[in-house]
Amino acid sequence: MNEMYNMGLDLHSWSAVAVLGMIFLNLFILISAKDLAKYKRANSLYWMPLEITVLGSLLFTGIVMMAAKHLDFSLENIAMILLGIVLIVLEAKRLKALKYLSTKKEHAFNAYKPFARTILQVEFVLVFLMSLWMWLV
């Protein structure tokens, strides 16, 4: 049983690294994007589904590990649950703003970039701090 629990913790840890990687990749693509139509298409076809899948794997492994501990609501577990909710809300705000961004307006993408960059940076810092807490405690 301990081997299975340790494997689950490793999967959860690697999922956190994958989420950090996806947030960093999204940030890099946002900064380097020049054309709004191409960015919206690539985001809706490739990056959003991939990021949601990686975030889902993190949440799933966290739920499985919590179930393995008989639903023990420790401070760490409650903080991770809250972080998962915050990440989902922030991503929904970012993607909703992108969805309603007009490709006909000339400077719409330049107005969106600081907003999206701020959200992605906040997500990165939150996941990084939670991961450090998970790895060091």
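The model I am looking at is a predicted one.

**Entry 1: overall layout.** Taken along the principal axes, the C-alpha atoms fill a box of roughly 60 × 25 × 20 Å. I then checked the contacts with a separation of 6 or more, and noted that 81% of them join residues 24 or more positions apart.

**Entry 2: burial and surface.** Of the 137 residues, 33% count as buried. The chain exposes about 8,900 Å², and I note that carbon and sulfur atoms supply 72% of this area.

**Entry 3: helix α3.** I compared the span of α3 with expectation: its end C-alpha atoms are 36 Å apart, which agrees with the 36 Å that its 25 residues should span at 1.5 Å a residue. The buried residues I listed for α3 are N77, L83, G84, L87, L90, E91, R94, L95 and L98, and what covers them includes α1, α2 and α4.

**Entry 4: helix α4.** With 29 residues, α4 reaches 42 Å from its first C-alpha to its last, close to the 42 Å expected. Its buried residues are A108, F109, Y112, K113, A116, I119, L120, E123, V127, M130 and S131, and I find that they pack against α1, α2 and α3.

**Entry 5: the core.** Which residues have the most contacts inside the largest nonpolar core? I read off V19, L30, Y39, L101, F109 and Y112, in a core of 25 residues. At least two residues of this core come from each of α1 (2-32), α2 (36-68), α3 (75-99) and α4 (108-136), and α1 gives the most, with eight residues.

**Entry 6: a nonpolar patch.** I also looked for nonpolar side chains on the surface, and recorded a patch formed by L71, F73, I78, I81, L82, I85 and V89, with about 650 Å² of accessible area together. I picked out I85, which has its place in helix α3.

Terms used. Residues numbered from 1 in each chain as written. Predicted model: local features only at pLDDT ≥ 70, side-chain atom pairs only at ≥ 80, totals over all residues. Heavy atoms only, no water. Core = buried A, V, L, I, M, F, W, Y, C linked by side-chain atoms within 4.5 Å. Buried < 20%, exposed > 50% of the residue type's maximum accessible area, 1.4 Å probe, protein only. Helix = DSSP H or I, 4+ residues; strand = E, 2+ residues; numbered from the N terminus. Patch = residues over 30% accessible without salt bridge, like charges linked within 9 Å, V, L, I, M, F, W, Y side chains within 5 Å. Areas by Shrake-Rupley, 256 points an atom, 1.4 Å probe, with all protein chains shown as cover. Salt bridge = Lys/Arg side-chain N within 4 Å of Asp/Glu carboxyl O. Expected span 1.5 Å × (residues − 1). Contact = heavy atoms within 4.5 Å.
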